[in-house]
Amino acid sequence: MKLQFILLFLGASTLAFAQKTITMKVKENTVPCMGVAPMDCMQVKEGNAKQWSNFYSTIEGFNYQPGYEYKLKVIKTKREGNIPMDVSAYTYRLKKLVSKKQVKTIDAGYLNKKMVLSQINGKTMSNGKVYLTIDNTKNSIYGKSGCNRFNAGYQLNGNQIQINLLMGTLMACDPESMQLEQEFKTTIEKKNFEIHTEKNTVHFKDPKTKKVILTFTIPTENELWAFIDGKKWKLIQMDNVGKDYGKANLQFDVKSKKVSGNSGCNNFFGSYTATADQITFSALAGTKMACIDKDAASTETKMRNYLSEATLRFDVAEQTLNFYKGDKLVMMFAIQ
């Protein structure tokens, strides 16, 4: 009996040592972060921490809703045995929801809109190679930095914005684009700005000197479609493979909301609807010739599948028309 009591006592002591109740605050928004793969992380303050930190795990029993700041009592338990590299050393379980407070979101006209860089450090830009969107639903900034696509977290307080570390793709481009990308990243990364707007122009100013560091222009929907309308857009890249895709192309008639083109072998036609940066193709039909060329047949199958997706995101960058499935660039067209 003494032995049983000792073993029971040691077991209880070990459990108490490995487990404790902590206070945790959870911020009203998530931020992009890098775990095993890119993901969105809650931001938390554990105990008396002063700074928000990314939370790479989950809290059992906690139902997180963006737009609310939480205060929690959480049971934090250290895992036993060999812990895989991609797993947190601790598990977390909700003990008590102390408070849940709704946080007002910032209402600014530039949010969730594509902004094209028109000036950097006093130099005028007109090539459209740099653009971004400040997404206040995911608390993320994403876009193109000259050559590569990027995303970053940010903190917005009134007209004050703090931009975090930029994460992105690692492609190599022409020297001019790479030089522009380096200047843009150096200028914006981990910096603070005051944001001032004038109609469709957005200025990022130095908070101390009030000097304009970056200027962006928000293209209107009419301007965007006026550029797309009537041109023949030739397919130049699909699934990250750039090559000559033969006859594959797209052409839009904005007035009638019609689309037509060639998917590799056959001509097609149909209609589309578009809102902001989203587009949906419908009622696609076309010719039904047999594709003898295997490459053309493969192109046709993939292109028609993408055009048959419920909704694709699109943008115009420089002289290309790009379509995305989620965050993946699936098709790129250039003016023929």
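# A walk through a predicted single-chain model

Buried residues, meaning those under 20% relative accessible area (1.4 Å probe, protein chains only), make up 39% of the 336 residues in the chain. The model is predicted, so local features need pLDDT of at least 70 and side-chain atom pairs count only at pLDDT 80 or more, while totals for chains, interfaces and linings use all residues. Residues are numbered from 1 along each chain as its sequence is written, and side-chain values use heavy atoms, with hydrogens and water left out.

The chain holds 4 helices and 25 strands. These are DSSP runs numbered from the N terminus, with helices (H or I) of at least four residues and strands (E) of at least two. The radius of gyration of the chain, taken over C-alpha atoms, is 26 Å, well over the 20 Å that the globule rule gives for 336 residues, so the chain is more spread out than a compact globule. That rule is 2.2 Å times the number of residues to the power 0.38. Along its principal axes, the C-alpha trace spans about 85 × 60 × 40 Å.

Contact means heavy atoms within 4.5 Å. Of the contacts in the chain with a separation of 6 or more, 49% are between residues 24 or more positions apart. The chain exposes about 19,600 Å², and carbon and sulfur atoms supply 54% of that area. Accessible areas come from the Shrake-Rupley method with a 1.4 Å probe, and for residues only the protein chains shown count as cover. The chain has 47 positive and 31 negative charges, and their mean positions are 7 Å apart. Lys and Arg count as positive and Asp and Glu as negative, while His and the chain ends are not counted. Each charge is placed at NZ of Lys, CZ of Arg, CG of Asp or CD of Glu.

Thr 30 counts as buried because its relative accessibility is 17%. Beyond its neighbours within four places in sequence, Thr 30 is in contact with Asp 40, Cys 41, Met 42, Tyr 64, Lys 138 and Asn 139.

Lys 78 is in strand 5, residues 68-78. With 40% relative accessibility, Lys 78 counts as partly exposed. Lys 78 and Gln 19 are 59 residues apart in sequence, but their C-alpha atoms are 6.4 Å apart in space. Lys 78 is also in contact with Ala 18, Ala 89 and Tyr 90, leaving aside neighbours within four places in sequence.

Ser 88 is found in the loop between strand 5 and strand 6 (90-102). Its relative accessibility is 26%, so Ser 88 counts as partly exposed. A polar atom of the Ser 88 side chain lies 3.1 Å from the backbone oxygen of Tyr 90. Ser 88 is in contact with Ser 57, Arg 79 and Ile 83, again leaving aside neighbours within four places in sequence. The C-alpha atoms of Ser 88 and Phe 55 are separated by 9.9 Å, and these residues are 33 residues apart along the chain.

Most residues other than glycine have a negative phi. Asn 121, in the loop between strand 7 (114-120) and strand 8 (123-124), has a positive phi near 50°. Asn 121 is partly exposed, with a relative accessible area of 38%. Lys 190, in the loop between helix 2 (175-188) and strand 14 (192-198), has a positive phi near 55°. Lys 190 is exposed, with a relative accessible area of 62%.

Ser 145 lies in strand 10, residues 140-145. At 2% relative accessibility, Ser 145 counts as buried. The side chains of Ser 145 and Glu 181 are joined by a polar contact of 2.7 Å. A polar contact is a pair of N or O atoms within 3.5 Å; within protein, one must be able to donate a hydrogen and the other to accept it, and residues adjacent in sequence count only if both atoms are side-chain atoms. Among the other contacts of Ser 145, leaving aside neighbours within four places in sequence, are Lys 129, Val 130, Phe 150 and Leu 180.

The last stop is Val 330, in strand 25 (residues 328-335). Val 330 counts as buried, at 1% relative accessibility. The C-alpha atoms of Val 330 and Asp 239 are separated by 4.8 Å, although the two are 91 residues apart along the chain. Val 330 touches residues including Gln 237, Met 238, Asp 239 and Tyr 306, not counting residues up to four places away in sequence.

Key: Buried means under 20% relative accessible area, exposed over 50%, partly exposed in between (1.4 Å probe, protein chains only).
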